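Dear colleague,

Please find the structure below, handed over for your study.

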Amino acid sequence: MTAIAGPPRSIAARLTGSTVGRRRTIVDRVMRGLALAAAIICVIPLGAVLAFVIGNGISALNIDLLTKPPKALGLGGGALNAILGSLQMVPLAALLAVPIGVLGAVYVAEFGNRRSARIIRFSADVLVGVPSIIIGIFVFTFLVLPFKQFNAFAGSVALAVIMVPVIMRTTEESLHIVPNSLREASLALGVPVWRTVFSVVIRTGLSGILTGTMLAFARAMGETAPLLFTALGSRLINVGNFAKPMDALPVFIYVNARQPNELLNQQAWGAAFLLLAIVLIINVAVRARSWGRQIG
Amino acid sequence: MSAVPTPTPPLGPRGLLGGSGSRLPDLVFRGGTGVFAWVVVAILGLLLILLVLNSRQVFGQFGLSFVTGTDWDPVAGMYGALPFIIGTVASSLIAILLAAPIGILTAVFLAELASRRVAVPLTFAIELLAAIPSVVYGLWGVFVLGPVLKATVEAWLVGTLGWLPIFAGPPFGIGLFAAGVILTLMILPTVISISRDVISSVPNHQREAMLALGATRWEMITRAVLPFARSGIVGALILGLGRALGETMAVTMVIGNSQRIPQSIFDPSQTIASQIATTFNEAGVGLQTSALIALGLILLVITMTLNVIARLLVWRVAGPVTEAA
Amino acid sequence: MNILSKRAVGLALAAILAGCSSGGASPTAQGTPGTTPAGSAGPSTPVPPTGDVTLQGAGATFPALLYQVWIEKFSEAYPNVAINYQAIGSGGGIKGITQQTVDFGASDAAMKDTEIAALPAGTKILHIPTALGAVVVIYNIKGKDGNAIKGLKLDAANIAGIFLGTITTWSDPTIAANNPDIAANLPDTAILTVHRADSSGTTNAFTSYLDAVSPDWHTSVGAGKEVKWPVGNGAPGNDGVSGSVKQTDGAVGYVELQYAVVSGLGSAQVKNAAGKFVAGSSAGVTSAANSVLASFPADFRQAPIINAAGDDAYPIASYTYILAYVDQTDATQGQTLVAFLYWALTDGQKEEKAIGYAPLPDSIDQKAIEELHQITTGGSPIWP
């Protein structure tokens, strides 16, 4: 992050020629060039993915894709089942995950003693790294098998389990940044602790909390594996019935990508475009403010 | 991604409740939030218990030979995890071998060499790479990357190095190598952002000392900054590795789904995660399901261990770091 | 300690949801019980009840394209009925019906004795055949002239060799011997075999064929829904296999005929027991099925029909089944299921030829319709 200028060229250096040998200069230039090249290499795939998804996806976008459920043999039909499914399961997951994540972070940040904070933080960090497919197995055993029913609620729970540790850790960080003086001032005025937390601490750290929540939301939108064993997927439109299977955009993409039917492949690209648009818009919106501050 | 000092609760060790008497609503509040916090611990605990309990059947029957067995044959009732362990490790290894040089160089570029006007949008773009869902990578991998790899990189590698068994053809695009390349793309953002944080936190006096001795920019980086940040960078790589090991959808779509041990990097293969993804919903109740859950347990143990090691390494250099996404 | 665990909350919520169901082993129905009481003097053909009903089915990808068409047409006739069929493979269908996470399962491979023994105690399962299909060998080969190869002929030894990995390129002389007219155009391209990554009735049929025609295959691999493939890539579902073959030059796989049609890939003509090269077709499997009618088992668990006698018979044919419990715990669902199955066995049969499946032979169709009378709910038959 710091850009430090190289050694100043003294008068003596300028008179006697370079202060640094030719070979070292060449190595310096070449390696710096390589570093630039590496950075460009990183960005090329992003461009490629975006280009193909936008290119193929836009041509697949039509009114049918957005408003109709799948049809037999791919003749017409669309992704409405998946769109509605994602728009129901992910918000429900957020509804479950946000209170737990935020309030749990409040506990760790405000009340926890060192040992309990460490244990909780450690658990959250480990949970963040658990492969999402294992979370799918976990929720299958508790919420699908005993009820002998694949259901969308289990899907939301699986997504919530993925979101909770992420929200908890980012919220905790946001709360730590809030200066103690604010807390002390509030308490000195006689405001009870719980009120202090809500009205002062959380309110101050709100943008950071929102950032973490939105990023977790975007991640949950794109998750496929945990839904395969919980919500299963459905070719039918399912609105509001969380006790039954429900489709979702990522599942739709996964199923249609492998079809031999080109019409269905096209629908997969269309759905990928929708999904990517949602995810990237959230990410850009959330991070743009902080980047603006960094540049300007 | 920020580095914050080790957090202690504000206002003393008893936190907001300090030394004053506690009032009932505040006690309830503290208790309530505490419950939510411990829920996370409970979930992790339940997860581990569940995995262990359900793996008992297959470990009971096969013991450690489940881990070393090379045969996965549900029809004959034989279960050996080695092909998937190898597939998982091999694909992730390819990813790390490709991501390490590219990622570290890029992190160096962003942290040391680029001006703010270049670094910020570039960082923005790389973080967007991390936001792309796995299944979209998979879709792109099947229809775009696979054929491109087959025609270019794989053809060239087989042409020049095909006499080595590990590079033996024929290359079909889809396979272990394609999975490794896709994983590289997916873990680059992790490697880069953590490395960049770590590099940024190297104290300036290290840099200044090196420059004062007459080093070029590059020498300053390789001789002062990187050695100082070394353990943190290794931590970043291990975190990236942990990510790669657990990736499911993109890998499932491009790895070829074969249950044999791959001989060449262009062979089809299967990771633990992709094996679970393709067969869990139809796995026979009992031994086969137990075997798949045992696979999951093995994966979890590996990723957990790597995560812990990685965080310790990163903390040593840069302080506690949280990944926001 | 009063841990308000998420799990407890989740279980409570789920219990509330499940409590809205019949509380039994069958998943919930969405509407009022049917107005046509079972056993009453109702119509002579079973119809679904009134009120919204949803059926959940899962299983084989082999008939999935057919079932999608059936479900659409049935829902046009009865708009209050919604059927969700998830094609997750025959193994998944068997597992689903065993664990009762679905209302009906589907599989081309009849349930084995061990699988039947794993059903919940006291339950009995019915195999209801719905269609016949051909397992064809699809290929994607770009010829030396740059055009796609068409009209490939393969015999049993070719197919076994390809899938065993002993035949590795398309220019192999044993393949050329069967294809004199296109032999010059067959390229040196490496053969990539694609097989099923999931548990599959299609695999069962195909490997039964290989098991019967190749002693090498019999000793080293065998037959079944999942086998240890010596070479090749795996892909999930008939759709995945055809998609995978379509995406790779030089690839070959095995799928149900309609997937070949849908993907536009060529399917090989296979040499049958009479020595003739026959393409997969509705007529070919009908001929094969007719030749073994006499030995059709009483419990309907017919193995794949391999190398049937007759000049027109296609050598790899398979019935496909819907699996349903004899005793339906939910009257509404049961009534809907019987109505759907009856429709499938009557009107539905007419749809099959158009999309590459073969209708059931008349005698089997009759027997299957007879089977429907066995389905009961609460002890009394739904369709007496």
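The contact between chain C and chain A takes 32 residues from chain C and 26 residues from chain A, where two residues are in contact if their C-beta atoms, placed from the backbone, lie within 7 Å. The model is a predicted one, in which local features need pLDDT of at least 70, side-chain atom pairs count only at pLDDT 80 or more, and totals for chains, interfaces and linings use all residues. Residues are numbered from 1 along each chain as its sequence is written, while chains are lettered from A and ligands numbered from 1 in the order in which they are written.

On the side of chain C that touches chain A, helix 1 of chain C gives the most, with seven residues. Helices (H or I, at least four residues) and strands (E, at least two) are DSSP runs, numbered from the N terminus. By class, this side of chain C has 13 nonpolar, 14 polar and five charged residues. Here Ala, Val, Leu, Ile, Met, Phe, Trp, Tyr, Cys and Pro count as nonpolar, Asp, Glu, Lys and Arg as charged, and the others, Gly among them, as polar.

The contact between chain B and chain A draws 91 residues from chain B and 94 residues from chain A. Helix 1 (residues 24-62) of chain B provides the largest share of the chain B side, 16 residues. That side divides into 60 nonpolar, 21 polar and ten charged residues.

Chain B itself contains eleven helices and two strands, and its pattern along the sequence is α-α-β-β-α-α-α-α-α-α-α-α-α. Its C-alpha trace spans about 65 × 60 × 30 Å along the principal axes. Of the 325 residues of chain B, 58% count as buried, that is, with 20 or more other C-beta atoms within 10 Å of their own, the C-beta atoms being placed from the backbone.

Within chain A, the axes of helix 8 (residues 180-188) and helix 9 (residues 193-204) come within 10 Å and cross at roughly 160°. Axes are lines fitted to C-alpha atoms, for helices over the stretch in contact, and angles run from 0 to 180 degrees between N-to-C directions. Helix 8 of chain A and helix 9 of chain A are therefore roughly antiparallel to each other, a term for angles over 145 degrees. A:Leu182, A:Arg183, A:Ser186 and A:Leu187 in helix 8 meet A:Thr196, A:Val200, A:Val201 and A:Thr204 in helix 9.

Yours sincerely

Technical notes:
A residue is buried if 20 or more other C-beta atoms lie within 10 Å of its own, exposed if 12 or fewer, and partly exposed in between; C-beta atoms are placed from the backbone. Angles under 35 degrees count as roughly parallel, over 145 as roughly antiparallel, 65 to 115 as roughly perpendicular and the rest as oblique.
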